[in-house]
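Good morning, and thank you for coming. Please look at the sequence and the structure on the screen while I describe them.

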Amino acid sequence: MKTPITYLHNIGTYFIMIKDIFRRPTKWSVMKPLILKDIDDLIIGSLGIVAFISFFVGGVVAIQTSLNMTSPLMPKYLVGFATRQSIILEFAPTFISIIMAGKVGSFITSSIGTMRVTEQIDALEVMGINAINYLVFPKFIALTLYPFVISIAMFLGILGGLMACVYGGYGTMENYIEGVQLDFIPFHFIYAFIKTFVFAFLLATIPSFYGYFMKGGALEVGKASTTSFVWTSVLIILVNFLLTSILLG
């Protein structure tokens, strides 16, 4: 059973790891292919699942909003308004990040954890390489492109709502687009992307922490992946609450 001292030790180790990410950087000629590989694995490799989920969840939000508007006094354009607000403010930045904590976070933890089990990290340290910079920094840089993924999620979520509304017979395209444009506040985009950058930092560092500092064999790699997903999701939700209170409160 973990004690409060264990949690404090892990928190301290995590912040020391963040400092070490930027200490003694690896040569650019070595770092560049690592960054490009992580962009392919973490960003491009995630576009398919993000696009699929965003499109259909946007459709579900539009359908449920339409079905719950039972009063004839409620204008039809509210379907587009509610879909836009739901997708931009919460679904795209927050819930896609929790899904990515499972996909991307587990991949990062298992890949670094496997290197720890097979003693590849020990070999890097023996050669005088800053292993934390070598392993974590490329993932940190790759996930600075994460807002691009969230932008696609926003667009496809609203598009999915439009398709469901029009082809499901829940409203007209004109009403939906009017609702999407209604009372638009540009700061909501800024708020969403501030959250996205913070979540990207958590997605890069927390799974890396659990992979780098894991102990044991192959079985513990799976346990570390599960633990990293749980804590990444918990911190995303907590940070989401704090940022919402600060930025929109």
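In which helix is threonine 94 found? Threonine 94 belongs to helix α4. Before I say more about this residue, please note that we are looking at a predicted model.

Let me begin with the chain as a whole. The chain holds ten helices and zero strands. Read from the N terminus, the order of its elements is α-α-α-α-α-α-α-α-α-α. The C-alpha trace spans about 70 × 40 × 35 Å along its principal axes. Of the 249 residues in the chain, 43% are buried. Consider also the contacts in the chain with a separation of 6 or more: residues 24 or more positions apart account for 85% of them.

I now return to threonine 94. Is this residue buried or exposed? Its relative accessible area is 2%, and the cut-off for buried is under 20%, so threonine 94 is buried. If we leave aside the neighbours within four places in sequence, threonine 94 is in contact with Lys195, Phe199, Ile236 and Asn240.

With a relative accessible area of 1%, threonine 109 is buried. Which residues does threonine 109 contact, apart from its neighbours within four places in sequence? They are Pro207, Tyr210, Gly211, Ala224, Ser225 and Ser228. With serine 228, the contact is a polar one between the two side chains, at 2.9 Å.

Next, we turn to the packing of helices. In general, two packed helices are described by the angle between their axes and the distance between the axes. For α4 and helix α9, which comprises residues 187–212, the angle is about 15 degrees and the axes are 8 Å apart. Why do we call α4 and α9 roughly parallel to each other? Angles under 35 degrees count as roughly parallel, and the angle here is about 15 degrees, so α4 and α9 receive that description. The contact of α4 with α9 includes 16 nonpolar, ten polar and three charged residues. The crossing of α4 past α9 is right-handed.

Helix α9 also packs with helix α7, residues 146–167. In this pair the angle is about 130 degrees, with the axes 9 Å apart.

Which residues meet where α7 and α9 come into contact? From α7 there are Tyr146, Pro147, Ile150, Ser151 and Met154. From α9 there are Phe189, Ala192, Phe193, Thr196, Phe197, Ala200 and Leu203. By class, this contact of α7 with α9 has ten nonpolar residues, two polar ones and no charged ones.

Glycine 128 is found between α5, residues 120–126, and α6, residues 131–142. Its relative accessibility is 46%, so glycine 128 counts as partly exposed. How far apart are glycine 128 and lysine 19? In sequence they are separated by 109 residues, and in space by 18 Å, from C-alpha to C-alpha.

Thank you for your attention.

How values were computed. Residues numbered from 1 in each chain as written. Predicted model: local features only at pLDDT ≥ 70, side-chain atom pairs only at ≥ 80, totals over all residues. Heavy atoms only, no water. Buried < 20%, exposed > 50% of the residue type's maximum accessible area, 1.4 Å probe, protein only. Polar contact = N/O pair within 3.5 Å; in protein donor to acceptor, adjacent residues only side chain to side chain. Contact = heavy atoms within 4.5 Å. Axes fitted to C-alpha atoms, helices over the stretch in contact; angles between N-to-C directions. Helix = DSSP H or I, 4+ residues; strand = E, 2+ residues; numbered from the N terminus. Parallel < 35°, antiparallel > 145°, perpendicular 65-115°, else oblique. Left-handed = near helix turned anticlockwise from the far one by under 90°. Nonpolar A, V, L, I, M, F, W, Y, C, P; charged D, E, K, R; others polar.
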